[in-house]
Amino acid sequence: MRSGVVMLSSNVYPPQSSVIPPRTRVRGADGSISPASDSGGVATKAAGTGTGSAAQSPPSFELLTISRSPVNDTARLASAFADKIKPTLGVQYNLAWTYGDYLNHVPARLGVNEALDSATDTFLTAFATLTDPLGKRSNPVLLEKYGQTLASLRRCLDDPVKARSPETLCAILFLWNCQQFIWQRNGPITAHADGVAQILKLRGNVDKYHDPFESNLLLSLRAVVVSAPSGGAKGSAVADVRHPFQLFDSLFNGRITFTDQEWVSMFDSQLYDLSPEGQAVQRLTRVPNLMRRSKAFLMGDLDSQDQLADLEKEAHALRAELEPALSLVRQRWEKVSANPDSVFPRKPHLAGLAHCHFLRSYALVLAIAILINETRLAVSLDAAEILQESHEFSLEIINLSRLASPYRPLGASALGVCLLTAETGAADAETKESARSLRMEFASDFQGYQNVEARQDLHLKSARSDDVDNDPLRILFCGTDQFSVASLQALAQYSKTPGSNVRSIDVVTRTDKRVGRGRKLVRPPAIKPAAQELGLPVHQIDTFRGWSPPTTAAACNLIVAVSFGLLIPPRILGAAKYGGLNVHPSMLPDLRGPAPIQWAIILGRERTGVSLQTLHPTRFDEGIVLDQTPPPGLEIPQPDDITAQELTSYLALIGAQMLVNAIRNRLYIPPHNAVGTSNMAGKDPTRAPKVTSELCAIDFEALTKPEILRRNRALQSLHGFVRFGPEPSQVLRINFGADMRDIRDGDVPEEVRVAAQAMPAGVPYAIIAAHENVNESSEPLIINARPDKYQEGCQIVIPTITVSSRAKGPGAGAAARAKLFSQPEIFGQTTIR
């Protein structure tokens, strides 16, 4: 074919009409531009002659001759546009392959509609930013042309004839496509989708349109175009997936609302039945309204459980209907990824096109499956399997997107919406961040990247997103001890205040435990009676394995965990629209772990604080810190005397108020803004591991008196071991009472002070009157600890002890009855046993 001649496939124009429609300008034999006759004739250049002849019948290929030196602006524009849709142009920069086959018709339509001419020029200017390293400098020019196009479009819309023309609709679509090049939050371009939605609603089914330009244009506006790729062999049609603009936009744009019948009418076309992608899109047409009905369930607007059951059945059936299409596109992708030449065995130059096509087809159908799963999550009680499937699909989309990198920018641009869906379907923070990072990377190909963060405000209208500012909270509160009781009580009180965004609270806690001698007493967790007093539903578990929230808690959209002790699994955390919050009694990242209050006392801290963080799906205390006590933290009241119980009560009230403030101020709504966390005056963060029996075992020869007394105030259940014979089994356990204390004036008479201080560390002794029966003595036990570096007093008084399984009693008497004392030393009227 000669240079300067663009060959368009034979299905570009209607067989019953002229090769180039009436009013379209064509080049004559003398090089001049003139309108084609209304009779259907068209000027074509005969090979080897300089004369034109009228086309009497549609040829197998139609020629649009464009001079290398166009003589007017329309011809120049047509030439420039044709260069961007050439079949030989790679998928990285091929507009027609990316945005739809309707673009092949555009050069012949120029010069007819001022809005289309202006929009085409604007679209080409925007496209130049992809290939021009200095493309961002053209932004002012692009915006100026964009404004001129808007003015032209308004004039066409004021004309009843032009307003109905496909050229005007094409101009609107061009402006829409420009959004990714000049994205402006809250700008005028955001309204194009709404306008096109109304046009599509009026146009209805595409099968009634006989003009291929108009029908292909409408198909591109909807979801999938099925066509023979340019340059493909006759009869080797490949179903192509274009941007699913209109349908996907309805999931992110609450202003686009179609009835089920309107969706079916627009997508009930035989073209969609021909490919698995088209069949998948037909299933997707039922998602927008299914999502809105799911939202009605979450808002409590369904009248009966029967409606919920019908909704759940419909959502599961929709997923089952998608499976054949998903299986087919998966099989095709596996085949082409293993052997790229298998699709076009005689045309190896098309292997890349086939690979890119089947890649993004598979990614699109995976995204549709995730969106359908979102509706299932909103109405299903057993969400574990659904969450796992969506997570696996998200991982596949991320992998496909990485493989699509060579086809950037345009060939891979369809993956952006798939990655956005993968963010929704991912069950853990790492996968969500991977999807987001890839999406941002792909978005950076376009000039609008600097404002791409604005798109984070677009949330799926499903079980996990909505008009978040006015979305009432259904909270699943997980807690056990007294620290969590304060938060629950504050939250319940706030839920009853005017303007509260808390609609309901369900409480999850641990099961009742048997305690005491013989384990005859049953002790419930502290939060259980508190929740019952507040009239809140209580669910008791010891593991999440096999457990799903019951009906009353199934619609919870926020999880709050306060001193709970169990990790909230991803299947439950991921089902909550806003994830989870946790109140942690320390200045994170310092004292990260299950026992921060105890370790603050053990370590001798004089300051501490409270942090509010998001819940991490796989690790404790690794969430985003949303609020925290300002550094350097709160002064601990009487740090040398305070007990864990007293510090718990003190911090619980502060944490409860922090939680209520976070709920009131909507800190749970993404994107989450992390606050600056404290590093405790430059020290490396210290962990606060679980309190174990080993931690409670006291070695008086290894620990100093301050260390032992801090442990006692923190743990309140210390113990030690005493050997009473040479055999390894001759060891008794002594449980020390929580009343362990420092030595006081009068505890040791002056006459035995020196002898008492000289007792070896770790050897218990008692000081009693010489005439007193030691077995009946009420005197305390005394043990010397390891001297500290200042060689200060190291005597610790233990008023009560329990020896092995014997009854608790005063230290001296209990030790004597257990025969722990050796021969006494008598000092006048005083004896040291």
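This briefing describes the overall make-up of one protein chain and then some of its parts.

The structure is a predicted model, in which local features need pLDDT of at least 70 and side-chain atom pairs count only at pLDDT 80 or more, while totals for chains, interfaces and linings use all residues. Residues are numbered from 1 along each chain as its sequence is written, and side-chain values use heavy atoms, with hydrogens and water left out.

**Whole chain**

- The protein chain has 28 helices and 29 strands; helices (H or I, at least four residues) and strands (E, at least two) are DSSP runs, numbered from the N terminus.
- Of its 833 residues, 53% count as buried, where buried means under 20% relative accessible area, exposed over 50%, and partly exposed in between (1.4 Å probe, protein chains only).
- Contact means heavy atoms within 4.5 Å; among contacts between residues at least 6 apart in sequence, 69% join residues at least 24 apart.
- The chain exposes about 37,200 Å², and carbon and sulfur atoms supply 51% of that area (Shrake-Rupley method with a 1.4 Å probe; for residues, only the protein chains shown count as cover).

**Thr614**

- Thr614 lies in strand 17 (residues 611-614).
- Thr614 counts as buried because its relative accessibility is 11%.
- The side chain of Thr614 reaches the backbone nitrogen of Ile624 at 2.8 Å.
- Leaving aside neighbours within four places in sequence, the residues in contact with Thr614 include Gly580, Leu581 and His672.

**A sheet of four strands**

- Strands of a sheet pair through backbone hydrogen bonds, either parallel or antiparallel.
- Strand 21 (residues 731-736) and strand 26 (residues 800-803) run antiparallel and are joined by 3 bridges.
- Ile734 stands opposite Val803 in strand 26.

**Helix 24**

- Helix 24 (residues 644-664) has 21 residues and reaches 30 Å from its first C-alpha to its last, close to the 30 Å expected at 1.5 Å a residue; the expected span is 1.5 Å times one less than the number of residues.
- The buried residues of helix 24 include Leu647, Leu651, Met658 and Ile663.
- Arg666, which follows helix 24, has a positive phi, near 60 degrees.

**Pro524**

- Pro524 is in the loop between strand 12 (521-523) and helix 21 (527-533).
- Pro524 counts as partly exposed because its relative accessibility is 35%.
- Pro524 and Arg514 are 10 residues apart along the chain, and their C-alpha atoms are separated by 8.8 Å.

Definitions and conventions
Polar contact = N/O pair within 3.5 Å; in protein donor to acceptor, adjacent residues only side chain to side chain. Pairing = 2+ DSSP bridges.
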